[in-house]
Amino acid sequence: MTRQQHPVHVVGVGMIPFTKPGASDPYTVMGARAAKLALDDAGVDYALVQQAYVGYVYGDSTAGQAAIYGVGLTGIPVFNLNNNCSTGSSALFLARQAVESGVVECAIALGFEQMQPGALKGAYDDRPSPMGRFAEVMTQKQGFVPEAPRAAQFFGGAGRDYMAQHGIRRDTFGRISVKARQHAARNPLAVFRQTLTLDEVMAAPLVFDPLTRFQCCPPTCGAAAAIVCSPEFAKKHGLDMRVVIAAQAMTTDTPSTFESGDMRKLVGYDMTAAAAKQVYEAAGIGPEEIDVVELHDCFTANELITYEALGLTPEGTAERFIVEGDNTYGGRVVTNPSGGLLSKGHPLGATGLAQCAELVWQLRGQAEQRQVEGARLALQHNLGLGGACVVTLYQSQR
């Protein structure tokens, strides 16, 4: 967790359109394109960047170098990261930390993923899986269905536990997908831009109760990047200083993940709540002050429980929050204006930086049809099972 004593500015962001597996360029091309977009947005020459943090989940060692070398060969340190679905924001966390600590004045965080069709799966079967302990706890709690994707069983189980505790309707989860498609229809960078009705969402094939196909994020290819720097560097080079990282926290699992018997906690509820608390305390604000949020909606069930973990609505009130439209335009806080992972797509290594790009555009007033009017405080939530959660608060200084 950081207490932002020395401001770190996000001076440039870039994101390429996300695509279905098989339809993308190679990761080297995607990564270089996103990095160049961020550099161009910032107005910074790559020769001025002092360190690069590059995130991806499915790829060989030093794939980060292979991608960033498409931008330039300047000899700077390049760090490769893999933190499952929170990889992109983990790269941002380290880039921000390097600048805040004074080690460098300017750094780039880059994330990309060249994915294959189908459900996520591990690459190795000759060694313990880092998800083994999680799978064991899940199986003891609810069994295991071999024909269903494992990730859907984790998050579907969290949805089931929430339903059992609070008595909500199954179609409440479906309403999140409807909202996601409505938002994505305004985003030219999203994969799925066709709107859906609640009936269409609920009538789709069941993946794992209560989740239908339209309530699960798709495997996606893509890349995104961000340039962060010190105020002194920004002033020296005449850069856009409108967006600052006001606070940021990363958390990992605690005993409650495995010992609570609650599937919500197994998929990161407590990690999220702890990270959000640290961020709010560091920034001296409350969740009621947030204008716009990009959160980790890998499944509709995770978006619902994350509303409460982030404090956007009190525990047990997420259904009302959704039904009354408090999670969209005209409501209390706009969640996932980009369309989120459900509709924009989820290229694992790129997701956290795509969230960052969306929120920077929102705070600059550059989100076009998706613009949240008067947005001044933006919250980002990026979660990876295994586990890691990064929560970032951005503030507009317009």
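Two residues are in contact when heavy atoms of each lie within 4.5 Å. With that in hand, turn to this predicted model.

Start with helices α11 and α12. On the α11 side, Tyr269, Thr272, Ala273 and Ala276 take part in the contact. Their partners in α12 are Ile305, Thr306, Glu308 and Ala309. By class, this contact holds 5 nonpolar residues, 2 polar and 1 charged. The two axes lie 9 Å apart, and the packing angle is about 40°. The crossing of α11 over α12 is right-handed.

Rolling a probe the size of a water molecule over the atoms shows where empty space is left. Here the count is 1 cavity of 30 Å³ or more. The largest cavity holds about 40 Å³ of space. Its lining consists of Val267, Gly268, Tyr269, Thr272, Asn302, Ile305, Thr306, Ala309, His381 and Leu383. Three elements each supply two or more of these residues: α11 (269-283), α12 (300-309) and β11 (377-384). Helix α12 gives the most, with 4 residues. The lining splits into 5 nonpolar and 5 polar residues, with no charged ones. Tyr269 and Thr272 of α11 belong to the lining, and they also meet α12 in the helix contact.

Helix α4 covers residues 132-142, and helix α5 covers residues 150-166. Their axes come within 11 Å and cross at roughly 50°. The pair is therefore oblique. Its crossing is left-handed. From α4, the contact draws on Phe134, Ala135, Met138, Lys141 and Gln142. From α5, it draws on Arg150, Gln153, Phe154, Gly157 and Asp161. These residues comprise 4 nonpolar, 3 polar and 3 charged.

Now the backbone. Most residues other than glycine have a negative phi, and most peptide bonds are trans. Asn84 is not a glycine, but its phi is positive, about 55°. Asn84 sits in the loop between β3 (78-81) and α3 (87-100). The bond from Asp209 to Pro210 is cis, with omega near 10°. Pro210 is found in the loop between β5 (206-208) and β6 (211-212). Gly386 and Gly387 are also joined by a cis peptide bond, with omega about 5°. Gly387 belongs to the loop between β11 and β12 (388-396).

Terms used
Residues numbered from 1 in each chain as written. Predicted model: local features only at pLDDT ≥ 70, side-chain atom pairs only at ≥ 80, totals over all residues. Heavy atoms only, no water. Axes fitted to C-alpha atoms, helices over the stretch in contact; angles between N-to-C directions. Parallel < 35°, antiparallel > 145°, perpendicular 65-115°, else oblique. Left-handed = near helix turned anticlockwise from the far one by under 90°. Nonpolar A, V, L, I, M, F, W, Y, C, P; charged D, E, K, R; others polar. 1 Å grid on protein atoms, 1.4 Å probe; cavity = no way out; pocket = protein on both sides within 12 Å on 5 of 7 lines; lining within 4 Å. Points joined across faces, edges and corners; volume = space filled by probe spheres on them.
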